[in-house]
Amino acid sequence: MKKTPLLNIALSRLIASLGHGDILVIGDAGLPVPPGVELIDLALTQGIPDFISTLRVVLSEMQVESHVLAEEILLRQPPALAGLNALDGELGERHLLSHEAFKSLSHKARAVVRTGECQPYCNIALVSGVTF
């Protein structure tokens, strides 16, 4: 049995397969998933699981070099932004794109993790780092 908090088999397998520079997107319930990009759907109902809880569990297994947010999250200031800022030390360098450019970036993702988050712009692209 695993010791880390991540129990979802598909998500744990994906994280184990990431290489340096690979992208994993964690998105709110409304983020479109590009054709051909794997979807790991965790959404049960509105708010479950929420964006920040999902991100925290992913960070328990994934080494992150940098992350990308839509600049609109800074304008809208959803409640999740405070939790995101609290995790900043674990997320590496922050990059900002327009929401449209973020959606284009998601075409390059290895997978999109869909949460039940229903606050706008609660999406993050995690760029995989290395542990050595």
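Here, buried means under 20% relative accessible area, exposed means over 50%, and partly exposed is anything in between (1.4 Å probe, protein chains only). The model is a predicted one, so local features need pLDDT of at least 70 and side-chain atom pairs count only at pLDDT 80 or more, whereas totals for chains, interfaces and linings use all residues. Residues are numbered from 1 along each chain as its sequence is written, and side-chain values use heavy atoms, with hydrogens and water left out.

On to the fold. Helices (H or I, at least four residues) and strands (E, at least two) are taken as DSSP runs and numbered from the N terminus, and two strands pair if DSSP finds at least two bridges between them. On that basis, 6 strands line up as an open sheet in the order 2-5-1-6-3-4, with mixed pairing. Strand 2 and strand 4 (93-97) sit at the edges, each pairing on one side only. From one strand to the next, the twist averages 20°; axes are lines fitted to C-alpha atoms, for helices over the stretch in contact, and angles run from 0 to 180 degrees between N-to-C directions.

Strand 1 (residues 23-27) and strand 6 (residues 124-128) run antiparallel and are joined by 4 bridges. Ile26 has Ile124 of strand 6 as its bridge partner. Helix 2 (residues 51-59) packs on the sheet, touching strand 1, strand 3 (64-70), strand 5 and strand 6, where contact means heavy atoms within 4.5 Å. The direction of helix 2 makes about 155° with that of strand 1. Helix 1 (residues 9-17), for its part, lies across strand 1, strand 2 and strand 5, and runs at about 135° to strand 2.

Now for the charged pairs. A salt bridge is a side-chain nitrogen of Lys or Arg within 4 Å of a carboxyl oxygen of Asp or Glu, and the structure holds 5 of them. One of these joins the side chains of Asp41 and Arg114, at 2.9 Å from N to O. Asp41 lies in strand 2 (residues 38-41) and Arg114 in strand 5 (residues 111-114), so this pair ties together parts that are 73 residues apart in sequence. Asp41 is partly exposed at 40%, and Arg114 is partly exposed at 27%.

Glu100 and Lys103 form another salt bridge, with their closest N and O atoms 3.0 Å apart. Both residues lie in helix 5 (residues 99-105), 3 residues apart, or about one turn of the helix. Glu100 counts as exposed at 53%, while Lys103 is partly exposed at 23%. Asp88 and Arg94 also meet through their side chains, at 3.9 Å from N to O.
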